[in-house]
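Reader: Please give me a close look at one part of this model. I want the geometry, with the cut-offs behind each term.

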Amino acid sequence: MKIRLMLVLCAIPFAASAQEGEVSWKSSEVVPGIVMLEGEGGFAGGNLGLITGDDGVVLIDDGVAPLTAVTVAAIEALTGDPVDFVINTHAHGDHVGANATLHNKGATVVAHENLRRQMVAEDAAPDALPELTFTDSVTFHLNGHTARVFHVANAHTDGDSVIHFPEVNVIHAGDVFFNKLFPFVDMDSGGSLEGFIAAQKKVLSLANNSTKIIPGHGVLASKADLEASIAMLEDARSRIGKLVQSGRSLDQVKAANPLADYHDGWNWGFITTERMTEQLYRALSRE
């Protein structure tokens with residue numbers, strides 16, 4: 001099956017009535033055969049990875065459910081063919097929202113077994129559940145690429161996966177990496193601060209100065225961007241940890257505003273500086 005890759009460096013102009021304004025997917029070629037899709041005009045979900053070639057279409061994550069029609073139309077406009085495989089990086093709705101539709105159009109959904117377990121616990125539709133699961137890792141050999149999909153434990157959630165394309169030096173990190181944004185550590189879904197930092201260091205160990213990293217959220221990243229994220233997290237952990245150890249309450253820590261230096265560069269609508277302080281306080285108070 002020959003996949004036709006079109007519109008590589010443009011926004012896909014499909015309106016989304018489910019959200020305010022017009023939401024589209026902007027596509028950018030990372031390397032030949034691998035495209036990153038970013039939402040524009042509103043929140044479409046986490047960044048997607050699209051791998052195309054003679055063997056079929058592989059999609060990494062698939063956006064929020066209300067924009068499924070937009071997402072499917074954008075991908076089919078790019079490829080000219082339906083998706084054959086979906087790899088979910090974790091169970092959050094902004095990364096698995098189109099699973100059921102893509103499955104019903106013929107795609108096989110692959111993910112870590114903890115992701116499936118979490119979706120089952122949350123009463124996800126049967127058609128949205130991964131059909132193939134793994135415990136540690138699984139490797140795809142498709143479209144001239146080796147895609148090594150591996151689990152990172154108790155990071156953003158307890159079911160996170162990272163996808164490494166070693167021959168072309170590309171990594172899709174899912175939500176264990178929010179580039180130039182404060183991250184979300186979902187402790188209620190098995191995530192942990194220490195696991196999150198460890199996951200970033202694992203990704204860093206695979207990178208060099210030429211590596212291109214697709215983050216779960218934020219712009220296409222480099223090794224230097226990931227190093228900056230790790231440095232911020234370790235410094236933030238130290239700053240808030242000292243206040244926790246001194247017996248400060250959450251309100252007292254928030255009043256001290258220990259992350260003020262990071263506000264301008266890392267604060268955003270979902271994880272504000274205040275919320276980042278709150279989640280780090282919670283994480284460090286549990287240790």
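**Helix packing and ring contacts**

Author: The axes of α5 and helix α6 (residues 223-245) come within 10 Å and cross at roughly 155°. That angle makes α5 roughly antiparallel to α6. The scale runs as follows: under 35 degrees is roughly parallel, over 145 roughly antiparallel, 65 to 115 roughly perpendicular, and the rest oblique. Axes are lines fitted to C-alpha atoms, for helices over the stretch in contact, with angles from 0 to 180 degrees between N-to-C directions. Helices (H or I, at least four residues) and strands (E, at least two) are DSSP runs, numbered from the N terminus.

The model is predicted: local features need pLDDT of at least 70, side-chain atom pairs count only at pLDDT 80 or more, and totals for chains, interfaces and linings use all residues. Residues are numbered from 1 along each chain as its sequence is written, and side-chain values use heavy atoms, with hydrogens and water left out.

The crossing of α5 and α6 is left-handed. That term applies if the near helix is turned anticlockwise from the far one by less than a right angle; clockwise is right-handed. On the α5 side, the contact is made by L193, E194, F196, I197, Q200, K201, V203 and L204. On the α6 side it is made by K223, L226, E227, S229, I230, L233, E234 and R237. Contact means heavy atoms within 4.5 Å.

S222 lies in the loop between β13 (212-217) and α6. S222 is partly exposed, at 24% relative accessibility. Buried is under 20% relative accessible area, exposed is over 50%, and partly exposed is in between (1.4 Å probe, protein chains only). Leaving aside neighbours within four places in sequence, S222 is in contact with T211 and I213. The C-alpha atoms of S222 and I271 are separated by 22 Å, and the two residues are 49 apart along the chain.

Now the rings. A search of the whole structure finds four aromatic pairs. F184 and F270 form an edge-to-face pair, because their ring centres are 5.4 Å apart and their planes stand at 75°. F184 sits in the loop between β12 (170-178) and α5 (193-205), and F270 in the loop between α8 (263-266) and α9 (273-285), so the pair ties together parts that are 86 residues apart in sequence. Rings of Phe, Tyr and Trp (its six-membered ring) pair if their centres lie within 6.5 Å; planes under 30 degrees apart are stacked, over 60 edge-to-face, and the rest tilted.

F184 is buried, with a relative accessible area of 16%. F270 is partly exposed at 40%. W268 and F270 also form an edge-to-face pair: 5.9 Å centre to centre, 75° between the planes. W268 is buried, at 19%. Ring pairs link F178, F184, W268 and F270 into a cluster.

R275 lies over the face of F184, 5.3 Å from the ring centre. K202 lies over the face of F150, 5.7 Å from the ring centre. The test is NZ of Lys or CZ of Arg within 6 Å of the ring centre and within 35 degrees of the ring normal.
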